[in-house]
Amino acid sequence: MNRLYVLCFCVVVVLRTCFSTSMADDKPMLAGTPPMGWNSWNAFEKDIDEKKLREIADAMVTSGMRDAGYEYLVIDDAWMAPKRDSKGRLVGDPKRFPSGMKAMGDYIHSKGLKFGIYEDRADLTCQGLPGSLDHEELDMATFAEWGVDYIKLDSCHAERNGRMSSVDYAIFRKAIQATGRPMVLSISDFGNAAWAWGGKKYAQLWRTSNDIYPWMDSIYYCAQTSGGDQKSHPAFNGLWQFAGPGHWNDPDMLHVGNLKHIPDDRKEAGNQAHFGLWCILAAPLMAGNDLRSMNASVKSVLTAPELIAVNQDPRGIQGYKVFSKDGREVYCKPLADGTAALLFLNKRRESADISVSWKTIGLSGKQPVRDLWARRDLGTIDGGFTAKDLGWHESLMVKVGKKGKPLPTAAPVPLEKYTVTRTGVTYLSDLYYIWKAHHAPVYDATFANKPIVINKETVTKGIGCKGKSAFMFMAGGKAKRFRARVQMNPSSPASSEGRFKVYNEDFFANKVLWDSKKMTRDSNALDIDVDISGVQCLMLVFEGKDAFGNWAEARVIGK
Ligand code: GLA
């Protein structure tokens with residue numbers, strides 16, 4: 001009897017598992033490797049029309065971009081008419097897309113490409129055109145009818161939606177699933193912590209950064225949001241542990257071929273550094289240059305087959321830094337075939353040799369090395385590798401090791417180090433913040449690294465910050481109260497004002513749980529004791545230009 005019971009139970013479990021994975025998730029099928037394509041924004045911004053985009057589709061084929069792997073042609077903002085039609089449906093701008101969007105999609109498909117389109121989750125797009133708020137099902141169904149394969153869903157004005165980001169994207173995800181058409185969902189939210197609030201449940205990729213611009217500072221900044229500590233606690237060493245097949249960190253679209261404010265003799269190096277970073281970081285490769293006039297150098301960068309192979313490696317590990325000092329960096333991406341890709345990059349004007357030892361990446365002894373730009377074997381090298389005499393923006397991408405068992409990755413940060421997992425008190429300064437904007441917070445000290453004094457009492461736990469400062473912790477639904485005492489630091493300029501706010505989730509969710517209102521340097525400390533039951537992500541914000549503030553004894557009480 002017992003055995004029969006156990007057998008039945010097992011059968012039910014197996015059936016349920018099969019059923020739920022096949023029913024619930026189109027994700028493993030979609031974007032199993034980082035999406036590759038071309039997007040109109042970086043090349044043309046609002047200046048798009050069907051003639052131009054047809055020419056781009058043609059150029060994707062004739063330039064060899066399609067065959068190199070670029071499959072999506074994504075039409076960004078400003079394709080739509082300023083008004084919906086009488087049935088409330090989106091329509092293409094009649095002047096610029098007179099044949100309509102379905103015809104546009106058909107043309108794209110006829111070239112063996114896939115059709116991507118832009119929308120916004122609020123009532124208006126960033127360019128003030130009709131957004132999808134309250135039209136989610138209709139719009140997703142319309143896109144499916146037009147044969148759309150990829151949706152970039154932007155977030156301008158979404159703070160007016162009155163919904164959490166996680167709620168917004170869940171609605172779109174459901175609406176997409178209801179169409180029955182597999183469409184990649186790309187979260188464009190300027191890096192507002194989708195990796196924390198659960199982007200991977202709803203979408204295949206999410207932005208980690210503000211908008212990219214065609215100069216190296218911006219490109220390096222965007223790369224650091226995904227591959228460095230621009231957006232997350234340094235302990236994470238970038239966001240690599242949050243990416244994988246079907247869910248990618250997106251440091252924004254490529255500007256290869258568009259670089260400005262860079263000497264001519266650095267342009268190719270700049271393009272290579274940009275592309276190399278995106279490849280090693282397993283970033284989506286969305287070209288953003290005018291493909292109709294691409295020169296040979298730009299084309300050779302965008303279509304470099306062995307670089308693309310690193311980006312598209314089926315193991316789907318996002319590369320991470322194994323060395324970083326004074327603008328010289330080495331990134332490692334362990335690959336499916338047992339080898340690893342290494343990117344050596346010099347961001348500084350002064351030339352440098354940059355070295356890494358095999359030990360750092362889990363290898364030893366003699367290892368074959370191949371230059372992936374030159375597509376040339378460099379021989380077998382003992383102990384480690386030095387990229388010699390790398391000039392300003394110069395980089396080298398190599399593949400090292402023999403084929404065989406996949407190399408171990410770096411150790412990801414364990415959940416309990418960045419999420420509330422305990423009952424009782426957890427000081428937030430004992431957890432790594434998962435997201436930050438502006439100035440990084442300082443743990444258990446003021447921003448200037450002095451003891452925190454609150455109402456004349458010195459405390460050992462707390463967070464010091466400089467306005468403006470925002471950071472997020474994972475409460476993971478495991479905490480019931482947030483408590484702290486807040487006060488401006490006496491070192492703030494006499495005339496400065498500060499304001500402390502506690503939010504549920506990100507800025508777009510716009511759910512303020514507690515607000516100190518304006519404080520000055522002379523204001524008494526305020527006690528915070530707020531209910532955070534069910535809160536997944538807790539965001540602390542300190543506003544105030546040049547002001548300093550302290551979250552003394554910031555802590556949560558676990559359930
Ligand atoms: C935002 C996005 C950009 C682009 C524009 C279009 O700024 O981040 O990538 O889509 O909107 O208006």
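Let me start with Asp154, where an N or O atom in the side chain is 2.9 Å from an oxygen atom of the ligand, a polar contact being a pair of N or O atoms within 3.5 Å, where within protein one must be able to donate a hydrogen and the other to accept it, and residues adjacent in sequence count only if both atoms are side-chain atoms. This is a predicted model, in which local features need pLDDT of at least 70 and side-chain atom pairs count only at pLDDT 80 or more, while totals for chains, interfaces and linings use all residues. Residues are numbered from 1 along each chain as its sequence is written, and side-chain values use heavy atoms, with hydrogens and water left out.

Two further side chains reach ligand oxygen atoms: a polar atom of Lys152 lies 2.7 Å from one, and a polar atom of Arg207 lies 3.0 Å from one. As for how much of the ligand is covered, it exposes 310 Å² when taken alone, and the protein buries 94% of that, with accessible areas taken from the Shrake-Rupley method with a 1.4 Å probe.

Stepping back to the whole shell, 13 residues surround the ligand, and the closest are Asp76, Asp77, Lys152, Asp154 and Asp211; a residue counts here if one of its heavy atoms lies within 4 Å of the ligand.

Now to the disulfide. The structure holds one, joining Cys126 to Cys156 with an S to S distance of 2.0 Å, against a cut-off of 2.5 Å between cysteine sulfur atoms. Cys126 lies in the loop between β3 (114–120) and α6 (136–146), and Cys156 in the loop between β4 (150–154) and α7 (165–179), so the pair ties together parts that are 30 residues apart in sequence; these helices (H or I, at least four residues) and strands (E, at least two) are DSSP runs, numbered from the N terminus. The torsion about the S-S bond of Cys126 and Cys156 is about 95°, so this disulfide is right-handed.

Finally, two backbone details. A cis peptide bond, with omega about -5°, joins Gly467 and Lys468, and Lys468 has its place in the loop between β22 (462–466) and β23 (469–474). His261, a residue other than glycine, has a positive phi, near 50°, and is found in the loop between β7 (248–250) and α11 (267–280).
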